[in-house]
Amino acid sequence: MDGMKKRLTRSKDKMIAGVCGGIAEYLDADPTLIRVAYVLLTIMTAFSGIIAYLVFWIVMPAPKKELQE
């Protein structure tokens with residue numbers, strides 16, 4: 001990764017706010033799998049995942065804009 005430290009940021013590949021996409025990029029995983037896992041965990045935990053998603057949305061920084069060449 002060019003000697004750079006990985007950072008957890010929201011993704012530009014987003015459905016709502018880019019939280020699940022950002023987690024997938026950080027873990028080098030498929031965003032669809034992360035989204036499905038999130039939905040299943042949200043349903044199984046009496047929808048507390050919605051609150052967690054909102055917290056992540058606020059806490060995770062937005063992705064840096066890429067330099068245009």
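**Helix 1 and its neighbours**

The axes of helix 1 and helix 2 come within 8 Å of each other and cross at roughly 125°. Axes here are lines fitted to C-alpha atoms, for helices over the stretch in contact, with angles from 0 to 180 degrees between N-to-C directions. The two helices are therefore oblique to each other; under 35 degrees counts as roughly parallel, over 145 as roughly antiparallel, 65 to 115 as roughly perpendicular, and the rest as oblique. Helix 1 passes helix 2 in a right-handed crossing, where right-handed means that the near helix is turned clockwise from the far one by less than a right angle, and left-handed anticlockwise.

A word on the source. This is a predicted model, in which local features need pLDDT of at least 70 and side-chain atom pairs count only at pLDDT 80 or more, while totals for chains, interfaces and linings use all residues. Residues are numbered from 1 along each chain as its sequence is written, and side-chain values use heavy atoms, leaving out hydrogens and water.

Now the whole protein. It has three helices and zero strands, in the order α-α-α from the N terminus. Helices (H or I, at least four residues) and strands (E, at least two) are DSSP runs, numbered from the N terminus. Of the 69 residues, 25% are buried; buried means under 20% relative accessible area, exposed over 50%, and partly exposed in between, with a 1.4 Å probe and protein chains only.

Back to helix 1, residues 19–27. Which of its residues are buried? They are V19, C20, G21, G22 and A24. Their cover includes helix 2 (31–44) and helix 3 (49–59).

On the contact with helix 2, C20, G21, I23, A24 and L27 of helix 1 meet P31, I34, R35 and Y38 of helix 2, contact meaning heavy atoms within 4.5 Å. By class, that contact has seven nonpolar, one polar and one charged residues. Ala, Val, Leu, Ile, Met, Phe, Trp, Tyr, Cys and Pro count as nonpolar, Asp, Glu, Lys and Arg as charged, and the others, Gly among them, as polar.

Last, the loops. Most residues other than glycine have a negative phi. D28 lies in the loop between helix 1 and helix 2 and counts as exposed, at 64% relative accessibility. A46, also not a glycine, has a positive phi of about 55°. A46 sits in the loop between helix 2 and helix 3 and is exposed, with a relative accessible area of 66%.
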